Amino acid sequence: MPTTPAQGHVVVAPDKFKGTLEGAEVAARLAAGIRRAAPGVEVRELPVADGGEGTLAAALAAGFTRVPAKVAGPTGLPVDAAIAVKDELAVVELAQASGLARLPGGRTAPLAAGSYGVGQLIARAVSLGARRIVLGLGGSACTDGGAGMVQALGAGLFDAEGVELPPGGAALRRLHRLDPGPLADLLSGVEVVVACDVDNPLLGPRGATAVYGPQKGADGEDLVVLEAGLARWAEVVRGVTGTDVSEAPGAGAAGGVGFAALALLGATMRPGIELLLDLLGFDGAVRGARLVVTGEGCLDEQTLHGKAPAGVAAAAAGAGVPVAAVAGRLELSESEWRKAGFVAAYALTDLAEQPGDSLTKAAELAETAGERLAGDLLAGA
């Protein structure tokens with residue numbers, strides 16, 4: 001087992017363990033274990049996220065201020081959400097308003113679910129004086145192409161009779177006219193940056209409907225209806241803006257919210273973990289460190305393609321600091337995780353006494369993992 005330099009602090013920068021622990025709790029538990037095994041070592045907690053669920057929590061843990069907001073959930077019912085603000089920067093997490101976890105009773109609504117609440121969160125950020133908005137996509141319950149989001153920001157979507165369209169992707173098939181309204185004025189001088197870790201276009205076999213629709217409860221005829229709605233939406237938006245961004249990487253993110261952000265909010269896109277690490281001040285935190293510890297619920301093939309631990313490993317490598325990983329489950333071979341830049345990897349399943357303990361006792365096992373890696377890696381501590 002390799003050891004690390006004898007000087008310097010440890011940065012603990014995990015993502016959430018989905019379904020068991022939020023990123024901040026993972027960081028706290030790992031740090032507690034490290035401190036117990038190596039009391040002389042300074043440990044800094046910096047939970048991270050890749051732009052999806054957990055983005056707001058990561059920003060709050062890094063010192064942003066929570067601002068509550070009651071907005072429309074994916075089916076229109078009000079939900080208690082929040083944004084994170086710091087000076088003129090605001091972090092908006094789509095899942096806070098339009099996430100799968102916001103569906104009443106967990107019942108999917110693939111044809112009617114919308115993104116109106118996301119627009120309300122953006123409007124709240126602007127009203128507070130935000131000049132830069134980071135929009136984290138991921139975990140969405142809707143496939144409405146971001147239509148609801150722009151309606152909440154003042155745009156009008158009308159059918160051939162001049163009637164405003166109701167929420168949801170199915171209604172977009174009847175779209176006749178888009179009136180941007182005060183959208184441009186509202187966002188004048190405001191930079192919108194989308195944190196996104198997928199490169200899907202809006203339409204087609206790799207698009208929002210085909211790839212992600214089934215996760216949101218769509219099947220059979222639903223998929224045909226939603227694809228037709230998004231195609232009509234793209235056509236009308238192209239007529240208004242004069243450009244077509246439906247093929248842009250990430251346009252299909254979050255049921256097409258990425259498309260509306262690019263086409264109508266003037267947004268730019270960056271890989272989620274890269275953007276979040278900048279936002280959270282990772283470069284400063286890792287300077288002079290002897291070790292970085294990261295992780296997520298499952299370290300697997302997806303981890304290697306833009307997920308938070310891989311991003312943390314790459315950033316730490318750039319600073320010349322070794323990185324260890326802790327996960328609920330480890331589905332990569334040793335050669336695979338070493339190639340990804342990790343000097344060591346630990347799984348809660350390997351530390352558990354009973355098969356289900358990695359879920360029911362995740363917090364305690366994370367502390368144990370922290371102790372284990374400190375004993376293995378922190379030479380002289």
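Q: A pocket is an open set of grid points that has protein on both sides within 12 Å along at least five of seven lines; in this predicted model, how much space lies in the second largest pocket?
A: This pocket is lined by 17 residues, and those nearest its centre are Glu 22, Glu 53, Gly 54, Glu 93 and Gln 96. By class, the lining comprises 7 nonpolar, 4 polar and 6 charged residues. The space in this second largest pocket comes to about 290 Å³.

Q: Which helix gives the largest share of the lining of the second largest pocket?
A: Two helices, α2 and α3 (94-98), each supply at least two residues of this lining. The largest share amounts to 3 residues, and the helix that provides them is α2.

Q: Which strand gives the most to the lining of the largest pocket?
A: The largest pocket holds about 1,100 Å³ of space, and among its 36 lining residues Lys 18, Asp 50, Asp 197, Gln 302 and Lys 307 are the closest to its centre. At least two lining residues each come from β9 (191-196), α7 (208-212), β11, β12 (323-330) and α15 (357-360). With 3 residues, the element that gives the most is β11.

Q: Which helix supplies the largest share of the lining of the largest cavity?
A: A search of the whole structure finds 2 cavities of 30 Å³ or more, and the largest of them has about 50 Å³ of space. Its lining includes Gly 114, Asp 144, Ala 147, Gly 148, Gln 151 and Leu 172, and by class it has 6 nonpolar, 5 polar and 1 charged residues. The largest share, 3 residues, comes from the helix at residues 147-152, which is α5.

Q: Are the residues of strand β1 buried or exposed?
A: In a regular strand the side chains alternate between the two faces of the sheet. In β1 (residues 9-12), His 9 and Val 11 point one way, while Val 10 and Val 12 point the other way.
A: Strand β11 (residues 289-299) is joined to β1 over 4 bridges. Within this pairing, the bridge partner of Val 10 in β11 is Leu 291. The sense in which the two strands pair is parallel.

Q: Which residue in β2 is the bridge partner of Val 12?
A: Strand β2 (residues 43-45) pairs with β1 in the parallel sense over 3 bridges, and Val 10 stands opposite Val 43 in β2. The bridge partner of Val 12 in this strand is Glu 45.

Q: Which handedness does the β-α-β unit made by β1, α1 and β2 have?
A: A crossover is called right-handed if, with the strands pointing away from the viewer, the path from the first strand over the helix to the second runs clockwise. For the unit that β1, α1 and β2 make, the handedness is right-handed.

Q: What is the average twist from one strand to the next in the open sheet of 5 strands?
A: The sheet has parallel pairing and the strand order β2-β1-β11-β12-β13. Its edge strands, each of which pairs on one side only, are β2 and β13 (342-347). From one strand to the next, the twist averages 20 degrees.

Q: Why does Ala 316 count as buried?
A: Ala 316 is found in helix α12 (residues 308-318), and its C-alpha atom is separated by 9.2 Å from that of Arg 287, which is 29 residues apart along the chain. A residue is called buried when its relative accessible area is under 20%. Ala 316 counts as buried because its relative accessibility is 0%.

Conventions: Residues are numbered from 1 along each chain as its sequence is written. This is a predicted model: local features need pLDDT of at least 70, side-chain atom pairs count only at pLDDT 80 or more; totals for chains, interfaces and linings use all residues. Side-chain values use heavy atoms; hydrogens and water are left out. On a 1 Å grid over the protein atoms alone, a cavity is a set of points where a 1.4 Å probe fits but cannot get out, and a pocket is an open set with protein on both sides within 12 Å along at least five of seven lines; lining residues have an atom within 4 Å of a point. Grid points are joined across faces, edges and corners, and a volume is the space filled by probe spheres set on the points. Ala, Val, Leu, Ile, Met, Phe, Trp, Tyr, Cys and Pro count as nonpolar, Asp, Glu, Lys and Arg as charged, and the others, Gly among them, as polar. Buried means under 20% relative accessible area, exposed over 50%, partly exposed in between (1.4 Å probe, protein chains only). Two strands pair if DSSP finds at least two bridges between them. Axes are lines fitted to C-alpha atoms, for helices over the stretch in contact, and angles run from 0 to 180 degrees between N-to-C directions.
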